[in-house]
Amino acid sequence: MNGADVLGDTLLANGVDVCFANPGTSEMHFVAALDRRPQMRCILGLFEGVVTAAADGYSRMADRPAATLLHLGPGLANGLANLHNAKRARSPVVNIVGDHATYHLPYDAPLTSDIESLARPMSNWVGRIALGDDVGKMTAEAIWQARQAPGVSTLILPADVAWSDVGGSSGGEPRPVSIAPQATRALPERSAIEAGVQSLRSGGRIGLLLGGQALRSPALEWAGRLAAATGATLLAEMFNARIERGRGRVPVAKVLYRIDASLTQLADYETLILIGASVPVAFFGYPGKPSLLIAEGCEVVQVAGPHHDLVATLQALAEDVGASRTIASAASAPQPSETSDLSTGPLDGETVCRIVARRMPEGAVVCDESLTAGFSFFAHSQAAAPHDYLQLTGGAIGIGIPLAAGAAVASPGRKVIGLQADGSGMYTVQGLWTQAREGLDVVTVIFSNRAYAILHGEMANVGVNAIGRNAARMLNLDDPALDWVSLAKGLGVEAARATTAVAFDALFAAAMTRPGPFLIEAVLEPS
(Lines give C-alpha, C1' and ligand atoms only; values in the text may rest on other atoms or scores of the structure.)
Protein backbone atom coordinates (compact mmCIF):
# COMPACT_ATOMS: atom_id res chain seq x y z
CA MET A 1 0.00 0.00 0.00
CA ASN A 2 1.35 3.44 -0.90
CA GLY A 3 0.62 6.93 0.38
CA ALA A 4 -1.98 7.56 -2.31
CA ASP A 5 -3.89 4.46 -1.16
CA VAL A 6 -3.91 5.68 2.43
CA LEU A 7 -5.16 9.08 1.31
CA GLY A 8 -8.04 7.51 -0.63
CA ASP A 9 -8.98 5.22 2.24
CA THR A 10 -8.92 8.06 4.75
CA LEU A 11 -11.17 10.21 2.60
CA LEU A 12 -13.69 7.38 2.27
CA ALA A 13 -13.53 6.46 5.95
CA ASN A 14 -14.56 10.00 6.78
CA GLY A 15 -17.46 10.28 4.35
CA VAL A 16 -15.66 12.09 1.52
CA ASP A 17 -16.76 9.99 -1.45
CA VAL A 18 -16.92 12.52 -4.31
CA CYS A 19 -13.79 13.92 -5.97
CA PHE A 20 -13.99 16.67 -8.59
CA ALA A 21 -10.73 16.45 -10.49
CA ASN A 22 -8.41 17.87 -13.11
CA PRO A 23 -5.19 15.91 -12.49
CA GLY A 24 -1.76 15.98 -14.07
CA THR A 25 1.46 13.97 -14.06
CA SER A 26 2.31 14.45 -10.38
CA GLU A 27 -1.13 13.13 -9.36
CA MET A 28 -1.07 9.88 -11.37
CA HIS A 29 -0.41 7.65 -8.35
CA PHE A 30 -3.43 9.14 -6.60
CA VAL A 31 -5.50 8.70 -9.78
CA ALA A 32 -4.47 5.03 -9.79
CA ALA A 33 -5.41 4.72 -6.11
CA LEU A 34 -8.84 6.18 -6.78
CA ASP A 35 -9.23 3.76 -9.68
CA ARG A 36 -8.85 0.96 -7.13
CA ARG A 37 -11.66 2.48 -5.03
CA PRO A 38 -14.93 2.37 -6.96
CA GLN A 39 -16.75 3.77 -3.89
CA MET A 40 -15.24 7.15 -4.77
CA ARG A 41 -17.18 9.01 -7.45
CA CYS A 42 -14.59 10.78 -9.61
CA ILE A 43 -15.88 13.65 -11.76
CA LEU A 44 -13.71 15.37 -14.35
CA GLY A 45 -13.81 19.11 -14.92
CA LEU A 46 -12.15 20.51 -18.04
CA PHE A 47 -10.92 23.57 -16.14
CA GLU A 48 -9.95 23.91 -12.50
CA GLY A 49 -12.50 26.69 -11.93
CA VAL A 50 -15.17 24.12 -12.81
CA VAL A 51 -13.67 21.67 -10.32
CA THR A 52 -13.62 24.09 -7.38
CA ALA A 53 -17.08 25.57 -8.05
CA ALA A 54 -18.60 22.11 -8.40
CA ALA A 55 -17.09 21.10 -5.05
CA ASP A 56 -18.64 24.25 -3.56
CA GLY A 57 -22.09 23.45 -4.99
CA TYR A 58 -21.88 19.87 -3.79
CA SER A 59 -20.89 20.87 -0.27
CA ARG A 60 -23.61 23.51 0.03
CA MET A 61 -26.28 20.89 -0.70
CA ALA A 62 -24.71 17.84 0.98
CA ASP A 63 -23.51 19.69 4.10
CA ARG A 64 -20.30 17.68 3.97
CA PRO A 65 -17.03 18.02 2.08
CA ALA A 66 -16.23 17.06 -1.46
CA ALA A 67 -12.60 16.63 -2.47
CA THR A 68 -10.89 18.31 -5.38
CA LEU A 69 -7.79 17.07 -7.19
CA LEU A 70 -5.66 19.81 -8.73
CA HIS A 71 -2.34 19.78 -10.57
CA LEU A 72 0.47 21.68 -8.86
CA GLY A 73 0.43 25.43 -8.20
CA PRO A 74 -0.82 26.54 -11.63
CA GLY A 75 -3.76 24.14 -11.42
CA LEU A 76 -4.63 25.47 -7.98
CA ALA A 77 -4.26 29.02 -9.28
CA ASN A 78 -6.78 28.33 -12.04
CA GLY A 79 -9.29 27.30 -9.38
CA LEU A 80 -8.68 30.10 -6.87
CA ALA A 81 -11.53 32.42 -7.91
CA ASN A 82 -14.17 29.83 -7.10
CA LEU A 83 -12.31 28.77 -3.96
CA HIS A 84 -12.71 32.40 -2.92
CA ASN A 85 -16.47 32.00 -3.40
CA ALA A 86 -16.40 28.70 -1.47
CA LYS A 87 -14.57 30.35 1.41
CA ARG A 88 -17.16 33.15 1.53
CA ALA A 89 -19.92 30.53 1.46
CA ARG A 90 -18.21 28.66 4.31
CA SER A 91 -18.39 25.50 2.21
CA PRO A 92 -16.42 22.50 3.47
CA VAL A 93 -14.00 21.56 0.67
CA VAL A 94 -10.86 19.41 0.84
CA ASN A 95 -8.38 20.38 -1.88
CA ILE A 96 -5.80 17.77 -2.80
CA VAL A 97 -3.01 19.54 -4.68
CA GLY A 98 -0.20 17.48 -6.14
CA ASP A 99 3.39 18.70 -6.12
CA HIS A 100 6.73 17.61 -7.53
CA ALA A 101 8.63 14.88 -5.74
CA THR A 102 10.38 16.46 -2.75
CA TYR A 103 13.88 15.69 -4.11
CA HIS A 104 12.94 17.36 -7.44
CA LEU A 105 11.85 20.70 -5.97
CA PRO A 106 15.38 22.18 -5.55
CA TYR A 107 15.91 21.95 -9.33
CA ASP A 108 13.18 24.57 -9.97
CA ALA A 109 11.46 22.72 -12.81
CA PRO A 110 9.09 24.83 -14.95
CA LEU A 111 5.94 23.96 -12.95
CA THR A 112 7.53 24.57 -9.55
CA SER A 113 5.72 27.21 -7.48
CA ASP A 114 4.98 28.23 -3.91
CA ILE A 115 1.75 26.30 -3.46
CA GLU A 116 1.33 27.25 0.19
CA SER A 117 1.35 30.97 -0.64
CA LEU A 118 -1.18 30.45 -3.43
CA ALA A 119 -3.48 28.42 -1.19
CA ARG A 120 -3.51 30.46 2.03
CA PRO A 121 -5.71 33.40 0.98
CA MET A 122 -8.57 31.07 -0.01
CA SER A 123 -8.03 28.34 2.61
CA ASN A 124 -8.76 28.14 6.32
CA TRP A 125 -6.06 25.50 6.67
CA VAL A 126 -3.04 24.49 4.56
CA GLY A 127 -0.87 21.44 5.14
CA ARG A 128 1.93 19.67 3.28
CA ILE A 129 2.55 15.94 3.74
CA ALA A 130 6.25 15.35 4.30
CA LEU A 131 6.36 11.58 4.81
CA GLY A 132 4.32 8.62 3.66
CA ASP A 133 3.62 7.62 7.25
CA ASP A 134 1.97 11.03 7.80
CA VAL A 135 -0.59 10.70 5.01
CA GLY A 136 -3.42 9.29 7.12
CA LYS A 137 -3.20 11.76 9.98
CA MET A 138 -2.66 14.76 7.68
CA THR A 139 -5.62 13.80 5.49
CA ALA A 140 -7.80 13.37 8.58
CA GLU A 141 -6.68 16.76 9.82
CA ALA A 142 -7.60 18.38 6.50
CA ILE A 143 -11.09 16.85 6.63
CA TRP A 144 -11.57 17.85 10.27
CA GLN A 145 -10.53 21.43 9.54
CA ALA A 146 -12.86 21.64 6.53
CA ARG A 147 -15.80 20.47 8.64
CA GLN A 148 -15.03 22.39 11.78
CA ALA A 149 -14.80 25.92 10.39
CA PRO A 150 -16.46 24.99 8.00
CA GLY A 151 -14.38 26.06 5.04
CA VAL A 152 -11.65 25.22 2.55
CA SER A 153 -8.72 22.99 3.50
CA THR A 154 -5.78 22.51 1.14
CA LEU A 155 -3.60 19.41 1.44
CA ILE A 156 -0.40 19.27 -0.61
CA LEU A 157 0.66 15.79 -1.78
CA PRO A 158 4.22 15.50 -3.17
CA ALA A 159 4.51 12.84 -5.83
CA ASP A 160 7.09 10.75 -3.95
CA VAL A 161 4.88 10.74 -0.84
CA ALA A 162 2.04 9.42 -3.00
CA TRP A 163 4.11 6.57 -4.43
CA SER A 164 6.06 5.68 -1.28
CA ASP A 165 5.34 2.41 0.50
CA VAL A 166 3.54 2.94 3.80
CA GLY A 167 3.76 0.34 6.56
CA GLY A 168 1.67 0.03 9.69
CA SER A 169 3.22 -0.05 13.16
CA SER A 170 3.13 -3.87 13.12
CA GLY A 171 4.42 -4.10 9.59
CA GLY A 172 0.98 -4.71 8.10
CA GLU A 173 -1.14 -2.41 5.99
CA PRO A 174 -2.04 0.86 7.76
CA ARG A 175 -5.64 1.60 8.57
CA PRO A 176 -7.25 4.86 7.47
CA VAL A 177 -7.46 7.51 10.17
CA SER A 178 -11.01 8.34 11.21
CA ILE A 179 -11.69 11.73 12.72
CA ALA A 180 -13.83 12.30 15.76
CA PRO A 181 -17.44 13.34 15.12
CA GLN A 182 -17.84 17.06 14.67
CA ALA A 183 -18.49 18.77 17.97
CA THR A 184 -21.99 20.07 18.54
CA ARG A 185 -22.14 23.77 17.90
CA ALA A 186 -22.57 25.77 21.08
CA LEU A 187 -24.93 28.55 22.02
CA PRO A 188 -23.40 32.01 22.30
CA GLU A 189 -22.71 33.42 25.76
CA ARG A 190 -25.81 34.01 27.83
CA SER A 191 -24.98 37.72 27.94
CA ALA A 192 -25.19 37.89 24.13
CA ILE A 193 -28.64 36.28 24.10
CA GLU A 194 -29.81 38.63 26.86
CA ALA A 195 -28.57 41.60 24.83
CA GLY A 196 -30.61 40.36 21.88
CA VAL A 197 -33.72 39.91 24.03
CA GLN A 198 -33.35 43.41 25.45
CA SER A 199 -33.06 44.86 21.94
CA LEU A 200 -36.10 42.93 20.70
CA ARG A 201 -38.13 44.32 23.60
CA SER A 202 -36.93 47.89 23.15
CA GLY A 203 -39.35 48.84 20.37
CA GLY A 204 -38.46 51.01 17.40
CA ARG A 205 -37.41 49.75 13.98
CA ILE A 206 -35.49 46.50 14.49
CA GLY A 207 -33.84 44.36 11.85
CA LEU A 208 -32.93 40.71 12.48
CA LEU A 209 -30.11 40.02 10.02
CA LEU A 210 -29.59 36.31 9.31
CA GLY A 211 -26.75 34.38 7.67
CA GLY A 212 -25.50 30.82 7.27
CA GLN A 213 -27.56 28.08 8.89
CA ALA A 214 -30.06 30.69 10.15
CA LEU A 215 -31.47 30.73 6.59
CA ARG A 216 -32.56 27.07 6.67
CA SER A 217 -36.20 26.25 7.43
CA PRO A 218 -35.87 25.16 11.09
CA ALA A 219 -34.09 28.39 12.02
CA LEU A 220 -36.41 30.52 9.89
CA GLU A 221 -39.41 29.13 11.78
CA TRP A 222 -38.03 30.51 15.04
CA ALA A 223 -36.99 33.76 13.36
CA GLY A 224 -40.51 34.10 11.96
CA ARG A 225 -42.00 33.69 15.43
CA LEU A 226 -39.68 36.38 16.75
CA ALA A 227 -40.68 38.73 13.94
CA ALA A 228 -44.38 38.08 14.47
CA ALA A 229 -44.13 38.69 18.24
CA THR A 230 -41.83 41.72 18.26
CA GLY A 231 -42.38 43.46 14.91
CA ALA A 232 -38.75 42.95 13.89
CA THR A 233 -38.03 42.67 10.16
CA LEU A 234 -36.25 39.58 8.87
CA LEU A 235 -33.30 40.27 6.59
CA ALA A 236 -30.73 38.02 4.93
CA GLU A 237 -27.16 38.98 4.16
CA MET A 238 -26.61 40.27 0.65
CA PHE A 239 -24.92 37.06 -0.55
CA ASN A 240 -25.72 33.72 1.05
CA ALA A 241 -24.64 30.14 0.49
CA ARG A 242 -28.12 28.62 0.69
CA ILE A 243 -31.63 29.78 1.61
CA GLU A 244 -34.67 27.53 1.94
CA ARG A 245 -37.52 29.45 0.35
CA GLY A 246 -40.95 29.18 -1.22
CA ARG A 247 -44.58 28.68 -0.29
CA GLY A 248 -45.13 27.66 3.31
CA ARG A 249 -41.69 28.86 4.40
CA VAL A 250 -40.97 32.00 6.37
CA PRO A 251 -40.12 34.83 3.95
CA VAL A 252 -36.97 36.86 4.33
CA ALA A 253 -35.72 39.84 2.28
CA LYS A 254 -32.09 40.18 1.24
CA VAL A 255 -29.99 43.28 1.79
CA LEU A 256 -29.96 44.83 -1.67
CA TYR A 257 -26.86 44.89 -3.87
CA ARG A 258 -27.13 48.34 -5.43
CA ILE A 259 -25.69 50.79 -2.95
CA ASP A 260 -28.31 53.53 -3.22
CA ALA A 261 -31.11 50.99 -2.86
CA SER A 262 -29.47 49.29 0.14
CA LEU A 263 -28.83 52.61 1.88
CA THR A 264 -32.52 53.45 1.50
CA GLN A 265 -33.54 49.95 2.60
CA LEU A 266 -31.55 50.14 5.85
CA ALA A 267 -31.88 53.86 6.58
CA ASP A 268 -34.64 53.63 9.19
CA TYR A 269 -33.36 50.79 11.32
CA GLU A 270 -32.52 51.83 14.86
CA THR A 271 -31.22 48.40 15.87
CA LEU A 272 -29.69 45.59 13.83
CA ILE A 273 -29.41 42.19 15.53
CA LEU A 274 -26.90 39.82 13.92
CA ILE A 275 -27.51 36.05 13.88
CA GLY A 276 -24.74 34.34 11.93
CA ALA A 277 -24.27 37.50 9.89
CA SER A 278 -21.97 40.52 9.63
CA VAL A 279 -22.68 44.23 9.51
CA PRO A 280 -23.78 45.08 5.94
CA VAL A 281 -21.13 46.81 3.86
CA ALA A 282 -21.14 48.16 0.32
CA PHE A 283 -19.81 45.72 -2.24
CA PHE A 284 -17.41 48.41 -3.49
CA GLY A 285 -16.28 51.83 -2.39
CA TYR A 286 -17.81 54.68 -4.37
CA PRO A 287 -16.90 58.39 -4.42
CA GLY A 288 -18.90 60.25 -1.79
CA LYS A 289 -20.76 57.16 -0.56
CA PRO A 290 -20.29 55.27 2.72
CA SER A 291 -18.80 51.82 3.17
CA LEU A 292 -21.20 50.80 5.94
CA LEU A 293 -24.80 50.49 4.77
CA ILE A 294 -26.47 51.05 8.13
CA ALA A 295 -27.52 54.52 9.26
CA GLU A 296 -25.32 56.52 11.60
CA GLY A 297 -26.50 55.81 15.13
CA CYS A 298 -27.94 52.37 14.34
CA GLU A 299 -27.14 50.06 17.26
CA VAL A 300 -25.55 46.76 16.21
CA VAL A 301 -26.09 43.78 18.51
CA GLN A 302 -23.98 40.72 17.69
CA VAL A 303 -25.83 37.78 19.23
CA ALA A 304 -24.34 34.80 17.39
CA GLY A 305 -21.66 34.13 14.81
CA PRO A 306 -21.64 31.51 12.03
CA HIS A 307 -19.87 29.04 14.33
CA HIS A 308 -22.72 29.00 16.85
CA ASP A 309 -25.83 26.81 16.92
CA LEU A 310 -28.12 29.28 15.17
CA VAL A 311 -31.31 27.23 15.43
CA ALA A 312 -30.89 26.95 19.21
CA THR A 313 -29.96 30.64 19.42
CA LEU A 314 -33.15 31.75 17.69
CA GLN A 315 -35.18 29.32 19.78
CA ALA A 316 -33.67 30.75 22.99
CA LEU A 317 -34.48 34.30 21.86
CA ALA A 318 -38.05 33.30 21.02
CA GLU A 319 -38.59 31.60 24.36
CA ASP A 320 -37.16 34.54 26.29
CA VAL A 321 -39.44 37.08 24.58
CA GLY A 322 -42.45 34.80 24.90
CA ALA A 323 -42.70 33.99 21.20
CA SER A 324 -42.20 30.21 21.34
CA ARG A 325 -45.88 29.57 20.54
CA THR A 326 -46.36 32.51 18.19
CA ILE A 327 -47.36 31.50 14.66
CA ALA A 328 -44.79 32.59 12.10
CA SER A 329 -46.23 34.00 8.90
CA ALA A 330 -45.28 31.98 5.83
CA ALA A 331 -45.17 32.87 2.17
CA SER A 332 -48.47 32.11 0.47
CA ALA A 333 -49.38 31.21 -3.07
CA PRO A 334 -49.56 34.18 -5.46
CA GLN A 335 -52.93 35.76 -6.09
CA PRO A 336 -54.68 35.17 -9.45
CA SER A 337 -53.52 38.53 -10.80
CA GLU A 338 -49.93 37.40 -10.26
CA THR A 339 -50.41 34.16 -12.18
CA SER A 340 -51.95 35.74 -15.26
CA ASP A 341 -50.47 35.00 -18.67
CA LEU A 342 -46.82 36.01 -18.56
CA SER A 343 -45.96 34.85 -22.05
CA THR A 344 -47.14 38.01 -23.78
CA GLY A 345 -45.02 41.09 -24.24
CA PRO A 346 -41.25 41.41 -24.63
CA LEU A 347 -38.73 38.85 -23.46
CA ASP A 348 -36.81 40.71 -20.80
CA GLY A 349 -35.14 39.68 -17.56
CA GLU A 350 -38.25 40.44 -15.53
CA THR A 351 -40.39 38.14 -17.69
CA VAL A 352 -37.84 35.32 -17.53
CA CYS A 353 -37.72 35.57 -13.73
CA ARG A 354 -41.52 35.48 -13.43
CA ILE A 355 -41.84 32.46 -15.71
CA VAL A 356 -39.09 30.52 -13.92
CA ALA A 357 -40.63 31.28 -10.51
CA ARG A 358 -44.05 30.15 -11.72
CA ARG A 359 -42.95 26.99 -13.54
CA MET A 360 -40.23 25.50 -11.32
CA PRO A 361 -41.23 22.31 -9.48
CA GLU A 362 -41.28 21.63 -5.76
CA GLY A 363 -37.88 20.65 -4.43
CA ALA A 364 -35.93 22.48 -7.13
CA VAL A 365 -32.44 23.78 -6.44
CA VAL A 366 -31.82 27.20 -7.98
CA CYS A 367 -28.22 28.28 -8.64
CA ASP A 368 -28.33 31.99 -9.39
CA GLU A 369 -25.59 33.86 -11.24
CA SER A 370 -27.99 35.89 -13.35
CA LEU A 371 -26.55 39.15 -11.99
CA THR A 372 -28.15 42.29 -13.48
CA ALA A 373 -30.81 40.72 -15.69
CA GLY A 374 -32.10 38.42 -12.96
CA PHE A 375 -32.14 40.78 -9.98
CA SER A 376 -35.91 40.43 -9.60
CA PHE A 377 -35.93 36.64 -9.34
CA PHE A 378 -35.45 36.55 -5.57
CA ALA A 379 -38.55 38.66 -4.96
CA HIS A 380 -40.70 36.71 -7.43
CA SER A 381 -39.63 33.32 -6.10
CA GLN A 382 -40.75 33.75 -2.50
CA ALA A 383 -44.23 32.48 -3.41
CA ALA A 384 -42.86 29.81 -5.77
CA ALA A 385 -42.83 26.10 -4.98
CA PRO A 386 -40.54 25.25 -2.03
CA HIS A 387 -36.94 25.25 -3.19
CA ASP A 388 -33.31 25.83 -2.21
CA TYR A 389 -31.63 29.00 -3.43
CA LEU A 390 -27.86 29.11 -3.98
CA GLN A 391 -26.07 32.21 -5.20
CA LEU A 392 -22.74 33.83 -5.90
CA THR A 393 -21.16 34.52 -2.52
CA GLY A 394 -17.73 36.07 -2.97
CA GLY A 395 -18.35 38.13 -6.10
CA ALA A 396 -15.88 36.20 -8.28
CA ILE A 397 -17.96 35.55 -11.38
CA GLY A 398 -17.90 32.27 -13.26
CA ILE A 399 -19.42 30.08 -10.57
CA GLY A 400 -22.93 29.39 -11.89
CA ILE A 401 -22.64 26.52 -14.39
CA PRO A 402 -20.31 24.33 -12.29
CA LEU A 403 -22.07 25.28 -9.03
CA ALA A 404 -25.22 23.80 -10.54
CA ALA A 405 -23.30 20.67 -11.55
CA GLY A 406 -22.04 20.12 -8.02
CA ALA A 407 -25.47 20.79 -6.53
CA ALA A 408 -26.98 18.21 -8.90
CA VAL A 409 -24.44 15.57 -7.87
CA ALA A 410 -25.41 16.16 -4.23
CA SER A 411 -29.17 16.24 -4.95
CA PRO A 412 -30.21 13.26 -7.09
CA GLY A 413 -33.90 13.29 -7.92
CA ARG A 414 -34.18 17.08 -7.66
CA LYS A 415 -34.37 19.45 -10.61
CA VAL A 416 -31.51 21.95 -10.63
CA ILE A 417 -32.09 25.29 -12.36
CA GLY A 418 -29.13 27.47 -13.28
CA LEU A 419 -29.87 31.15 -13.83
CA GLN A 420 -26.82 32.35 -15.71
CA ALA A 421 -25.64 35.71 -17.03
CA ASP A 422 -24.04 35.30 -20.44
CA GLY A 423 -20.76 37.10 -19.73
CA SER A 424 -19.94 35.30 -16.50
CA GLY A 425 -21.09 32.00 -18.00
CA MET A 426 -18.19 32.13 -20.43
CA TYR A 427 -15.70 31.93 -17.57
CA THR A 428 -16.56 28.28 -16.88
CA VAL A 429 -18.61 27.21 -19.89
CA GLN A 430 -16.69 23.91 -19.76
CA GLY A 431 -18.98 22.96 -16.87
CA LEU A 432 -21.66 22.12 -19.42
CA TRP A 433 -19.48 19.23 -20.60
CA THR A 434 -19.34 17.89 -17.05
CA GLN A 435 -23.13 18.16 -16.82
CA ALA A 436 -23.45 16.19 -20.06
CA ARG A 437 -20.91 13.52 -19.15
CA GLU A 438 -22.51 12.90 -15.74
CA GLY A 439 -26.07 13.09 -17.09
CA LEU A 440 -26.98 15.74 -14.50
CA ASP A 441 -30.55 17.01 -14.27
CA VAL A 442 -29.71 20.69 -14.78
CA VAL A 443 -31.64 23.24 -16.82
CA THR A 444 -29.50 26.28 -17.53
CA VAL A 445 -31.19 29.56 -18.47
CA ILE A 446 -28.85 32.02 -20.17
CA PHE A 447 -29.84 35.67 -19.73
CA SER A 448 -28.43 36.75 -23.07
CA ASN A 449 -28.23 40.53 -22.99
CA ARG A 450 -24.88 40.38 -24.78
CA ALA A 451 -23.13 42.73 -22.39
CA TYR A 452 -21.47 42.95 -19.02
CA ALA A 453 -24.60 44.83 -18.03
CA ILE A 454 -23.62 45.01 -14.39
CA LEU A 455 -20.57 47.04 -15.37
CA HIS A 456 -22.70 49.52 -17.28
CA GLY A 457 -24.41 50.16 -13.95
CA GLU A 458 -21.09 50.42 -12.14
CA MET A 459 -19.95 53.08 -14.59
CA ALA A 460 -22.97 55.14 -13.58
CA ASN A 461 -22.21 54.48 -9.89
CA VAL A 462 -18.81 56.12 -10.27
CA GLY A 463 -20.32 59.09 -12.11
CA VAL A 464 -19.66 58.14 -15.75
CA ASN A 465 -22.89 58.45 -17.74
CA ALA A 466 -21.57 58.80 -21.29
CA ILE A 467 -19.83 55.66 -22.59
CA GLY A 468 -17.57 55.97 -25.61
CA ARG A 469 -16.17 53.46 -28.07
CA ASN A 470 -13.32 52.13 -25.90
CA ALA A 471 -15.52 51.59 -22.88
CA ALA A 472 -18.29 50.03 -24.97
CA ARG A 473 -15.85 47.53 -26.47
CA MET A 474 -14.81 46.49 -22.94
CA LEU A 475 -18.37 46.13 -21.66
CA ASN A 476 -20.37 44.70 -24.61
CA LEU A 477 -20.44 41.13 -25.98
CA ASP A 478 -22.17 41.78 -29.31
CA ASP A 479 -19.32 41.85 -31.81
CA PRO A 480 -19.51 38.95 -32.45
CA ALA A 481 -22.56 37.86 -30.46
CA LEU A 482 -22.21 34.70 -28.38
CA ASP A 483 -24.07 31.69 -29.78
CA TRP A 484 -25.02 29.74 -26.66
CA VAL A 485 -26.98 27.08 -28.51
CA SER A 486 -23.93 26.13 -30.55
CA LEU A 487 -21.66 26.34 -27.51
CA ALA A 488 -23.91 24.03 -25.50
CA LYS A 489 -24.35 21.51 -28.29
CA GLY A 490 -20.60 21.46 -28.86
CA LEU A 491 -20.19 20.49 -25.20
CA GLY A 492 -22.83 17.77 -25.36
CA VAL A 493 -25.84 19.61 -23.91
CA GLU A 494 -29.07 19.89 -25.87
CA ALA A 495 -30.11 23.52 -26.25
CA ALA A 496 -32.64 25.87 -27.80
CA ARG A 497 -33.04 29.61 -28.22
CA ALA A 498 -36.02 31.76 -27.22
CA THR A 499 -36.48 35.26 -28.62
CA THR A 500 -40.05 35.80 -27.38
CA ALA A 501 -41.78 35.33 -24.05
CA VAL A 502 -44.12 32.76 -25.61
CA ALA A 503 -41.20 30.66 -26.83
CA PHE A 504 -39.33 30.88 -23.52
CA ASP A 505 -42.41 29.88 -21.53
CA ALA A 506 -42.94 26.82 -23.72
CA LEU A 507 -39.28 25.78 -23.63
CA PHE A 508 -38.93 26.17 -19.88
CA ALA A 509 -42.19 24.32 -19.18
CA ALA A 510 -41.03 21.42 -21.37
CA ALA A 511 -37.58 21.40 -19.75
CA MET A 512 -39.15 20.93 -16.32
CA THR A 513 -40.70 17.64 -17.47
CA ARG A 514 -37.63 15.97 -18.94
CA PRO A 515 -34.49 14.64 -17.22
CA GLY A 516 -30.89 15.47 -18.03
CA PRO A 517 -29.05 18.65 -18.95
CA PHE A 518 -30.71 21.25 -21.15
CA LEU A 519 -29.88 24.88 -21.93
CA ILE A 520 -32.19 27.71 -22.97
CA GLU A 521 -30.67 30.86 -24.41
CA ALA A 522 -33.13 33.64 -23.59
CA VAL A 523 -32.25 36.47 -25.97
CA LEU A 524 -33.36 39.56 -24.09
CA GLU A 525 -34.70 42.66 -25.80
CA PRO A 526 -32.45 45.71 -25.32
CA SER A 527 -33.44 47.73 -22.28
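Two rings of Phe, Tyr or Trp count as an aromatic pair if their centres lie within 6.5 Å. With that in mind, welcome to this predicted model, where a search of the whole structure turns up ten aromatic pairs. Ring pairs join F239, Y257, F283, F284, Y286 and F375 into a cluster.

| Charged residue | Ring | Distance from ring centre |
|---|---|---|
| R225 | W222 | 4.4 Å |
| K254 | F378 | 4.8 Å |

Five strands make up an open sheet with parallel pairing, in the order 10-8-7-11-12. Strand 10 (253–254) and strand 12 (299–304) are at the edges, each with a single partner strand, so one side of each has no neighbour in the sheet. Helix 9 (residues 190–201) packs on the sheet and touches strand 7, strand 11 (271–275) and strand 12. The direction of helix 9 makes about 135° with that of strand 12. Within the sheet, strand 7 (residues 206–210) pairs with strand 8 (residues 233–236) over four bridges, and L210 has A236 in strand 8 as its bridge partner.

In soluble globular proteins, nonpolar side chains tend to be buried together. Here, the largest nonpolar core has 62 residues, and I275, L314 and F504 have the most contacts inside it. Helix 10 (residues 217–230) gives this core its largest share, six residues. Beyond its neighbours within four places in sequence, I275 is in contact with residues including L208, L210, V303 and L314. A second, separate core has 38 residues, among them I43, L80, V97 and L392.

Notes:
Residues are numbered from 1 along each chain as its sequence is written. This is a predicted model: local features need pLDDT of at least 70, side-chain atom pairs count only at pLDDT 80 or more; totals for chains, interfaces and linings use all residues. Side-chain values use heavy atoms; hydrogens and water are left out. Two strands pair if DSSP finds at least two bridges between them. Helices (H or I, at least four residues) and strands (E, at least two) are DSSP runs, numbered from the N terminus. Contact means heavy atoms within 4.5 Å. Axes are lines fitted to C-alpha atoms, for helices over the stretch in contact, and angles run from 0 to 180 degrees between N-to-C directions. Rings of Phe, Tyr and Trp (its six-membered ring) pair if their centres lie within 6.5 Å; planes under 30 degrees apart count as stacked, over 60 as edge-to-face and the rest as tilted. A charge sits over a ring if NZ of Lys or CZ of Arg is within 6 Å of the ring centre and within 35 degrees of the ring normal. A nonpolar core is a set of buried Ala, Val, Leu, Ile, Met, Phe, Trp, Tyr and Cys residues joined through side-chain atoms within 4.5 Å. Buried means under 20% relative accessible area, exposed over 50%, partly exposed in between (1.4 Å probe, protein chains only).
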